[in-house]
Amino acid sequence: MATPHQQLQPITTRPPAELTPPPSSAVPKIRAQHLNFYYGTFQALHDITMDIAANQITAFIGPSGCGKSTFLRTMNRMNEAVRNTRREGEIRLDGEDIFKLDVASVRRRVGMVFQKSNPFPKTIFDNVAYGLRINGVRKKSIVEETVQLSLERAALWTEVKDKLNKPAGALSGGQQQRLCIARALAVEPEVLLLDEPCSALDPIATLKIEELLFEIKNLTTIVIVTHNMQQAARVADYTGFFLLGKLIEYDNTRRIFQNPSKKETEDYVTGRFG
Amino acid sequence: MTRQVTFRRRFINAFMLSLTGVATLLVVSVLFFILGYLLWHGIGSLSWNFFTKLPKPTGETGGGLANAIVGSAKILALATLIGVPVGFLAGIYLAEYSGRTFAFVVRYITDLLNGVPSIVIGIFAYAIVVKPMKHFSTFAGGCALGIMMIPIAVRTTEQFLRSVPTALREGSMALGANKATAIFTVVIPAAKQGLTSGMMLNLARVAGETAPLLFTALGNMYWSAGWSQPSASLPVMIYQYAISPYEDYHQQAWAAGLVLLALVLSINVTARLIMSRGSSLARR
Amino acid sequence: MAASTPVLEGTPQSRARSFAYGLKAGDELAYVLTLAAASAVILIVALLVYQLWISSRLPIHKFGFSFLTGRTWDPNAGDFGALPFVFGTCVTSALALIVAVPVGVGAAIFLAELAPPKTSNALTFLIELLAAVPSVIYGLLGIFILVPRIRQYLAPALRDVFGFLPLFQGPFYGVSFLSAGVVLVIMVVPFIISVSREVLMAVPVEQREAALALGATRWESTWDIVIPNASTGIIGSGFLALARALGETMAVTMVIGNTPQITASLFAPGYSIAAVIANEFTEATGDLYLSSLVFLGLVLFGLTILINAFARILILTTQRKGAQS
């Protein structure tokens with residue numbers, strides 16, 4: 001759902017993200033169609049239909065409880081771990097219905113970074129290597145190479161290369177979150193979902209993570225949920241605005257923030273509520 | 001890396017997870033087996049005789065375990081009289097009065113006592129009661145079981161008194177009550193559910209104890225008058241009858257086992273219900 | 001309470017004052033009483049240790065440390081050695097744990113991770129009831145139900161499959177190390193399940209989610225992540241179960257065979273510390289015999305103290321670790 005190229009004022013000091021042309025392939029990376037989701041009798045998502053473009057950063061914004069995290073977690077089927085939930089509708093990854101695939105396979109291809117960093121009580125090395133090992137990669141040299149590569153991509157390598165055998169819990173909050181990103185990247189996911197990854201971090205740590213997202217965009221498709229509008233504006237190519245379980249508007253980020261077509265969107269991005 | 005999770009991983013997943021279900025089933029079924037066998041073998045021998053008659057000499061049928069039932073009742077009553085007050089008061093001290101280090105010491109020692117094997121408690125009771133008195137007695141048995149009741153009484157009391165919010169204590173004292181009054185008129189009643197349930201579980205636990213009675217109350221084929229004679233008790237009789245070579249005794253052992261288990265389990269279940277449902281059940 | 005004005009007898013003020021004095025005295029009385037009770041507990045335990053110690057003076061004096069390594073138990077000859085009983089206690093307890101830990105942890109995993117909450121609570125309730133069954137009843141079932149079944153099914157099966165090991169060789173009559181071990185398994189499993197389930201449930205959900213999000217299967221996330229997180233608590237539960245098994249008297253006495261011997265075969269009858277004390281205490285003739293039994297009791301006591309202390313430290317460590325994350 002991309003829009004034609006337009007001349008616009010930059011809204012941050014960062015070089016403006018380009019208005020990317022629509023993806024050339026007809027099949028988007030993820031396509032959700034008429035997705036409804038229920039926690040018990042409460043309907044958390046209403047008829048969500050949207051396409052996630054490959055190798056772009058897509059952000060979900062909206063006030064608390066609007067369903068953006070719920071939708072995110074549906075994309076890698078994490079919601080299934082919660083009891084008493086029900087889903088209607090489809091989600092397709094590269095055209096395949098994710099609910100017909102083996103759930104562990106889906107999650108390997110669609111990785112997730114959580115709001116609060118959750119490193120395993122293992123060494124830094126073992127944290128990143130875990131995903132590789134359970135997926136059958138055993139050869140020491142390959143594991144070591146991949147761990148290093150993942151840590152480099154997560155902008156953490158220089159800080160931890162001398163202490164790979166130290167416990168992960170000894171790292172700072174921002175470093176732990178980057179470790180979790182490295183861990184997720186190690187299994188080479190096709191999509192990386194981030195659920196408010198910076199909400200517990202200070203501005204400098206947040207900046208580091210936002211910068212690394214730009215770097216890894218071409219490796220994987222990124223979907224990020226954020227309650228911080230400015231972050232979406234800084235980082236995302238496309239933004240979806242959720243309210244009360246409905247997708248109100250989904251468009252190029254520039255458009256959403258500068259020229260939204262729905263009133264609710266405009267009210268939210270101008271701070272009238274939320 | 002493969003796109004699909006290998007069959008091997010999925011198989012291991014399903015296999016191991018079902019194994020855990022099997023393990024649970026096995027364990028739970030043991031309970032039903034126990035109940036089942038006791039009912040099957042024991043219910044036939046439960047009769048009026050069983051509850052009212054004395055044991056008959058070996059080989060004769062028709063005897064009962066009346067003396068064991070009464071003996072157990074006497075021993076347990078004495079044990080409660082000895083163990084509960086000591087434990088209860090000590091628990092109050094730990095919860096309301098004590099300083100940090102002394103409390104730590106008392107708690108550690110209490111846990112130590114809790115971990116003493118019951119047969120060693122029997123040896124202890126033998127040394128301090130049976131030897132001076134120069135004979136086995138109901139009193140010695142009561143002492144042994146009473147000592148076993150102390151640690152749990154202390155822990156339960158302290159735990160439930162501590163769980164009463166400070167606001168209640170302060171409310172009482174603000175009305176002019178001194179500390180002791182506050183404790184006995186407000187705090188303890190507020191904790192009465194947990195305390196009652198805890199004491200019941202305590203009693204259920206020692207009701208089934210056999211080892212400490214083996215050389216304190218010993219055993220008796222007849223009535224035991226007073227407190228200074230050796231006395232029969234249900235658990236000891238079960239043991240003695242079970243290892244005897246007589247079929248009639250075996251039958252009675254089953255019946256006694258059924259009675260003992262029914263007693264212990266019903267106390268347990270009642271105690272837990274009191275905890276979860278509230279004091280309305282206790283008034284029944 | 002110094003009064004500035006005199007108070008007449010029988011007036012409301014005097015009644016109030018004596019009530020207040022009574023209260024104050026009540027306060028002190030309560031303090032003294034409860035302190036006495038707390039001290040009594042300490043005194044009782046001190047007395048217990050002391051009694052055990054002085055009652056063991058004879059064999060300590062006569063045998064010293066070699067009591068623990070002595071292999072013969074011959075009351076007639078006055079030769080007492082603890083090794084067969086220590087051996088039996090350790091073998092049966094070890095056997096019990098080897099089986100009970102996997103089964104117990106497995107069931108705990110099911111109850112903590114897989115079963116829906118209401119089912120999990122109901123099943124846990126039933127399993128905890130198992131822990132309340134008196135030992136003598138386990139012994140009763142052991143003698144009449146379990147031992148014949150073991151003789152008929154389990155022992156031949158073990159001999160067929162593992163008969164090349166000396167563990168499963170030799171004749172099997174029923175009462176044996178094996179039977180005692182099996183009974184202990186059943187008695188000890190509820191404790192392992194109860195504690196393990198709690199520590200498993202205490203592992204933060206985020207850890208599990210992190211593993212699942214990487215594409216781990218349910219089992220992999222449990223085995224690789226949840227269990228290591230809970231490992232110290234689970235090991236602690238194993239130690240607590242071990243302490244219980246070591247001191248277990250009646251059920252073991254009834255099925256172990258009461259034969260003091262040290263042998264490699266689990267099929268052979270044996271003896272444990274608690275069992276020999278239970279069986280021979282009232283029939284012991286002579287001071288040396290009796291006090292050797294008491295000495296055995298002291299040894300057992302020492303063992304259980306060590307293991308319990310270990311277990312508590314471990315469980316405390318897990319709780320603190322869980323609180324940090």
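1. Two residues are in contact if their C-beta atoms, placed from the backbone, lie within 7 Å. In chain A, 70% of the contacts with a separation of 6 or more are between residues 24 or more positions apart.

2. This is a predicted model, in which local features need pLDDT of at least 70 and side-chain atom pairs count only at pLDDT 80 or more, while totals for chains, interfaces and linings use all residues. Residues are numbered from 1 along each chain as its sequence is written, and chains are lettered from A and ligands numbered from 1 in the order in which they are written.

3. Chain A has ten helices and ten strands (DSSP runs numbered from the N terminus: H or I of at least four residues for helices, E of at least two for strands). Of its 274 residues, 48% are buried, that is, with 20 or more other C-beta atoms within 10 Å of their own.

4. The average pLDDT (the predictor's confidence in each residue, from 0 to 100) of chain B is 88, and 96% of the residues score at least 70. Over residues 279-284 of chain B pLDDT stays under 50, and the model has six contacts beyond four places in sequence for them. Where pLDDT is low, the predicted coordinates should not be read in detail.

5. Chain B gives 68 residues and chain C 67 residues to the contact. Helix α1 (residues 7-42) of chain B supplies 18 residues, the largest share of the side of chain B that touches chain C. That side of chain B has 52 nonpolar, 13 polar and three charged residues. Ala, Val, Leu, Ile, Met, Phe, Trp, Tyr, Cys and Pro count as nonpolar, Asp, Glu, Lys and Arg as charged, and the others, Gly among them, as polar.

How values were computed: A residue is buried if 20 or more other C-beta atoms lie within 10 Å of its own, exposed if 12 or fewer, and partly exposed in between; C-beta atoms are placed from the backbone.
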